[in-house]
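Here is a note on the model for you to read beside the structure. Each numbered point takes up one part of the chain or one property of the whole.

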Amino acid sequence: MRTLRLGLALGAGGTKGAAHVGVMKVLEENGIHAEVVAGTSIGSLYGAAYAAGRSPREMEEGIRTCPHRDVIAFFRHRLKIRHNNRLARRFYEALAGLQIERLPVAYAATASDIVDRCPVVIDHGPVIDAVEASIAIPFIARPVAHQGRYLLDGGFWESAPVDAAHHLGADVVVAVELGDPYTLPVPLHRPAAWVAERFRNLPLERTLAGLPFTVHAVTREITPGRTADLVIRPQMRHVSGNSPFGMTRCLDAGIEAARAALPALKAILAGEPAPEVAREFTPARPRFALGSDI
């Protein structure tokens with residue numbers, strides 16, 4: 001019988017992305033190895049490190065020992081992996097010189113084209129370039145010129161890049177979702193569009209050049225993408241993705257959520273019916289999992 005090819009789809013969430021490492025750690029400890037990784041925003045960074053051969057345990061150690069000031073410096077330096085701060089240097093040492101198509105694990109990052117206003121799957125070329133584009137949060141980072149496009153953060157389109165994982169050839173996709181794509185309340189659509197119009201002709205390399213695209217992205221109707229076989233949503237209440245102070249809590253939340261989801265994942269990978277539908281499992285409130293119809 002053919003072995004099913006496992007793919008991870010790692011979603012956006014800023015510093016809450018430490019939860020991705022917790023999930024990957026639990027899978028590795030249980031002998032479950034992803035052959036495909038697709039990441040968006042922070043998911044692209046941790047996904048790239050995993051695809052390059054860095055162990056989840058090594059990443060966990062980095063998170064638990066990382067000073068808060070290093071995370072703040074990384075944001076202050078516009079999320080550039082090539083910048084001279086300690087956290088950027090760690091990422092650079094892990095990813096420098098690597099090409100996506102030569103990684104031991106199939107990998108892709110997703111970003112947003114600010115001109116064509118569409119999602120982009122980056123599945124070839126330098127890893128660092130792809131990650132810098134995917135994590136380029138509007139108004140913090142400048143749009144990244146890459147492969148003939150100007151790109152920003154990829155987390156506007158779906159909670160996790162499930163379509164990209166299938167594109168890479170995954171048979172079973174586990175999505176790790178840290179939140180939903182942001183949408184602006186309807187009463188704010190018109191004033192936001194008015195402001196965006198004032199920045200329409202800025203040079204594309206300027207930080208605020210991403211404003212018209214961002215307004216479009218947060219005011220459009222979200223179209224659901226392909227459904228993952230299993231969705232893990234770590235519980236991270238009262239933690240902001242912009243804060244460096246809750247990363248270890250997020251890491252532990254990822255560990256807890258992954259352990260709770262293990263029976264369903266093992267059943268799916270064995271080709272057996274998962275307990276109930278098992279499309280989503282959260283330890284606190286299961287919605288479609290493990291005999292529950294909640």
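1. Begin with strand S7. Val172, Val174 and Val176 point one way from S7, Val173 and Ala175 point the other way, and all are buried. In a regular strand, side chains alternate between the two faces of the sheet. S7 covers residues 172-176, and five of its five residues are buried.

2. This is a predicted model, so confidence comes before further detail. The mean pLDDT of the protein is 89, and 91% of the residues reach 70 or more. Over residues 282-294, pLDDT stays under 50. For that stretch the model has 33 contacts beyond four places in sequence.

3. Which strands pair with S7? Strand S1 (residues 6-10) pairs with S7 in the parallel sense, over five bridges. Leu10 has Val176 as its bridge partner in S7. S8 also runs parallel to S7, and three bridges join the two. There, Val176 stands opposite Ile232 in S8.

4. S3 and S4 make a contrasting case. Strand S4 (residues 118-122) pairs with S3 in the antiparallel sense over five bridges. Asp113 has Cys118 in S4 as its bridge partner. The hairpin of S3 and S4 has four residues between the strands, and in this hairpin Arg117 takes a positive phi near 55°.

5. Now the overall form. The protein has 10 helices and nine strands. Its C-alpha trace spans about 55 × 45 × 35 Å along the principal axes. A compact globule of 294 residues would have a radius of gyration near 19 Å, and the 18 Å of this protein agrees with that. Of the 294 residues, 54% count as buried. Among contacts between residues at least 6 apart in sequence, 72% join residues at least 24 apart.

6. Which residues have the most contacts inside the largest nonpolar core? They are Tyr107 and Val131, in a core of 82 residues. Helix H10 gives the most to this core, with 12 residues. A second, separate core has 14 residues, among them Ala165, Leu168, Ala170 and Ala228.

7. Tyr107 deserves a look of its own. With neighbours within four places in sequence left aside, the residues in contact with Tyr107 include Val37, Ser44, Gly47, Ala48 and Ala51. Also in contact with Tyr107 are Ile100, Ile122, Asp123, Val131 and Leu168.

8. Helix H4 (residues 68-76) shows how a helix can have two sides. Asp70, Val71, Ala73 and Phe74 are buried in H4. Seen down the helix axis, these buried residues fall within an arc of 160°, so they line one face of H4. On the other side of H4, Arg69 and Arg76 are exposed. Helices H5 (86-95) and H10 (247-269) are included in what covers the buried residues of H4. After H4 comes Arg78, whose phi is positive, near 65°.

9. Helix H9 (residues 211-219) is mostly covered, with seven of its nine residues buried. The buried residues are Leu211, Pro212, Phe213, Thr214, Val215, Ala217 and Val218. Their cover includes strand S3 (106-113), strand S6 (149-152) and helix H8 (189-197).

10. The last point concerns a loop residue, Gly241, which lies between strand S8 (230-232) and H10. Is Gly241 buried or exposed? A residue counts as buried when its relative accessible area is under 20%. Gly241 has 16%, so Gly241 is buried. With neighbours within four places in sequence left aside, Gly241 is in contact with Gly13, Gly14, Thr15, Lys16 and Phe75. Gly241 and Leu178 are 63 residues apart in sequence, and their C-alpha atoms are 9.2 Å apart in space.

How values were computed: Residues numbered from 1 in each chain as written. Predicted model: local features only at pLDDT ≥ 70, side-chain atom pairs only at ≥ 80, totals over all residues. Heavy atoms only, no water. Buried < 20%, exposed > 50% of the residue type's maximum accessible area, 1.4 Å probe, protein only. Contact = heavy atoms within 4.5 Å. Arc of directions from axis to C-beta. pLDDT = per-residue confidence, 0-100. Pairing = 2+ DSSP bridges. Core = buried A, V, L, I, M, F, W, Y, C linked by side-chain atoms within 4.5 Å. Rg over C-alpha atoms; globule rule 2.2 N^0.38 Å.
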